Amino acid sequence: MKKSTKMLALAGVTLLSVATLAACGSKSSSSKEAAKTNLSFPTEVTHDGTAIKGGQLNYAIVSPAAATGLLIDELADNALDLAFAGMVDESMFGYDGNRKLNDSGLAKVDFDVEAKKLTVSLTGKDYKWSDGEPFTIDDYIFTIEKMADKDYEGVRFDDSYTNIVGMDEFVAGKADKISGIEKVDDYTAVLTVKEMNPSMQYAGGTVPHFVMPKHIYKDIAVKDWATSEYSRTAKTVGLGKFKIKDIVNGESITYVPNEYYFKGKPKVDTLKVDIVSPDTIVSEMKAGHYDLAEMPEDQFDSYKDLKNLTLVGEVSSSYEYLSFNFGTYDKEAKKSVPNPNAKMNDVKLRQAMGYALDTKTAGEKLYNGLYHPANSLLISFFGDLHDSELEGYTYNPEKAKQLLDEAGYKDVDGDGIREGKDGKPFKISLAARKRTETNEALVEQYIAWWKEVGLNVELYTGRTIELNSFYEMVKANDANIDAYLGGFGTGYDPLPKVWGPTNAFNMSRYVSDENTKLLEAMASVESFDEKKNLENYKKWQENAFKEAFAIPLFESETITAVNKRVKYYDTYKGSDTKSALEQIELTADKGIAE
């Protein structure tokens with residue numbers, strides 16, 4: 001197959017050269033052994049020097065956009081807000097290196113599969129919120145009840161909650177309590193659910209895990225959560241490692257240790273977290289201004305040899321994808337409503353758009369080989385559940401043209417651009433996020449590749465869109481958007497429920513009977529059997545490829561730059577890590593410069 005000459009020109013003139021570094025392997029998990037064998041970089045580092053007492057840890061979040069300022073994870077729905085909130089907030093449950101729940105968190109879960117009961121028990125009886133108030137199981141029950149409130153505006157109320165017995169009656173106002181929640185004592189509750197599913201075993205899975213301080217939010221109407229000073233200012237109270245000292249809205253937060261943190265007070269005196277532009281992060285790290293930062297893969301050549309840094313790697317839990325606008329979301333019914341007249345309803349059109357893209361060349365030329373083609377919507381981060389043998393949408397422009405011909409998109413007037421099935425001009429309006437210069441070149445290249453197979457694809461608004469505005473438009477299913485280029489952080493639960501008919505994050509609003517049936521199979525009791533679980537995940541991936549409601553584009557290796565004054569750092573997950581933020585120590589008062 002031919003390669004696009006335009007891509008080669010872009011790579012040669014405006015972008016970084018190809019790195020000789022190999023990309024990460026096709027199969028991996030977050031366990032230590034998998035990480036050691038599949039990554040291009042070490043997964044841990046120990047630097048010379050004696051740890052000082054305290055000091056300020058400087059942490060850079062690399063992003064071209066500002067945060068919205070929400071600091072409670074019950075409402076935060078983007079990676080920036082969640083990063084800031086995660087310093088003061090804490091999930092109920094801990095997990096091991098394979099993302100399985102264990103007893104390392106605030107609470108543990110015991111499963112009775114036959115009785116369909118989950119026993120949630122706090123792992124300690126003297127835990128406190130960051131303001132010194134006691135933390136009990138009442139806080140957990142309160143959070144579940146309030147997230148079921150009709151005025152709750154977040155996206156976290158999903159099937160994890162509606163699966164609880166009695167939740168439907170409570171939401172409908174037919175009951176004043178949730179019958180499936182039994183408080184045993186101040187430290188224990190039993191949840192009775194309608195259905196058990198294997199996802200419950202994973203961090204971020206289908207056991208409700210959010211918790212908020214009842215002693216504060218009981219006096220705040222649910223409709224006012226997002227504007228409350230307890231959700232946006234230094235008054236935010238949590239169970240996490242830190243408390244807030246100072247805020248520069250949307251840009252930076254300085255934290256101090258939470259003396260009540262259940263795993264012990266952090267070793268640094270302060271933590272400063274800044275949003276740093278991708279355009280300046282390399283110079284900032286070179287100057288020693290930050291101790292930790294997840295670095296842009298497209299700038300690898302500019303920081304790979306910096307002597308004041310050590311690079312560590314991990315398989316990313318996120319992926320880039322192309323999806324489409326299939327309908328709208330009914331907030332009251334909490335489900336997607338497909339539009340039978342949506343422009344992108346033709347599966348052959350969607351498949352053709354996938355086959356038209358040469359993601360292999362793009363990953364090599366634009367991202368130094370650290371972005372590599374994703375063959376499935378269940379990425380290799382999930383180890384054996386990932387179908388590494390799935391064909392995926394590999395570059396095949398001739399097949400793309402054949403599919404478009406079969407679907408009735410023909411070049412009627414001979415100008416190289418296909419008309420619609422009705423013979424009239426046909427245009428696809430594409431929304432894309434504004435990110436980096438390299439991403440701008442990538443989006444331009446996508447449009448060029450689609451043109452090569454005869455599709456007229458134009459950027460909605462004529463340009464890429466600021467991150468927060470982009471997601472607002474896509475979530476609202478702007479009728480002027482036909483397709484969009486998104487990114488998704490999977491979390492640690494492998495169940496791809498984001499593509500389900502009731503999930504608010506299913507921004508495409510795609511629904512099909514087969515997709516729903518296969519999602520339900522993966523979430524069923526039968527999938528507690530490992531062999532059946534693997535079989536169900538394979539079937540879903542095969543069908544997702546067939547239905548092409550989303551085209552997986554890239555998965556990647558995440559590179560974290562660690563300043564050499566950080567004594568130890570690793571990329572292991574959950575209780576496997578020895579460098580959680582409360583454990584990090586520094587060997588100098590200031591960051592080491594190049």
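Is K343 buried, partly exposed or exposed, and at what relative accessibility? In this predicted model, K343 has a relative accessibility of 35% and therefore counts as partly exposed. The legends below begin with this residue and its partner.

**View 1. The salt bridge between K343 and D482.** K343 pairs with D482 in a salt bridge whose closest N and O atoms are 3.1 Å apart. The lysine, K343, is found in the loop between β15 (335–338) and α11 (347–355), while D482 is found in the loop between α15 (467–475) and β19 (483–489), so the bridge ties together parts of the chain that are 139 residues apart in sequence. The two partners can also be described by their accessibility: K343 is partly exposed at 35%, whereas D482, with a relative accessible area of 10%, is buried, because a residue counts as buried when this value is under 20%.

**View 2. The salt bridge between E195 and K116.** Here E195 forms a salt bridge with K116, and the closest N and O atoms of the pair are 3.9 Å apart. This pair links distant parts of the chain, since E195 belongs to the loop between β8 (188–192) and α7 (214–217) and K116 to the loop between β5 (107–112) and β6 (117–122), with 79 residues separating the two. E195 has a relative accessibility of 45% and counts as partly exposed, and K116, with a value of 28%, counts as partly exposed.

**View 3. The salt bridge between D186 and K183.** D186 and K183 form a salt bridge in which the closest N and O atoms are 3.1 Å apart. D186 is partly exposed at 35% relative accessibility, and K183 is partly exposed at 38%.

**View 4. A salt-bridge network of D77, E472 and K475.** In this view, salt bridges link D77, E472 and K475 in a network. For the structure as a whole, a search finds 31 salt bridges. In general, side chains of opposite charge can pair when their charged atoms come close.

**View 5. The surroundings of K128.** K128 is placed in the loop between β6 and α4 (137–147), and with a relative accessible area of 36% this lysine is partly exposed. When its neighbours within four places in sequence are left aside, K128 is in contact with E133, P134, F135, L239 and Y260. As a point of reference elsewhere in the chain, D330 is 202 residues from K128 in sequence, and their C-alpha atoms are 39 Å apart in space.

Key. Residues numbered from 1 in each chain as written. Predicted model: local features only at pLDDT ≥ 70, side-chain atom pairs only at ≥ 80, totals over all residues. Heavy atoms only, no water. Salt bridge = Lys/Arg side-chain N within 4 Å of Asp/Glu carboxyl O. Helix = DSSP H or I, 4+ residues; strand = E, 2+ residues; numbered from the N terminus. Buried < 20%, exposed > 50% of the residue type's maximum accessible area, 1.4 Å probe, protein only. Contact = heavy atoms within 4.5 Å.
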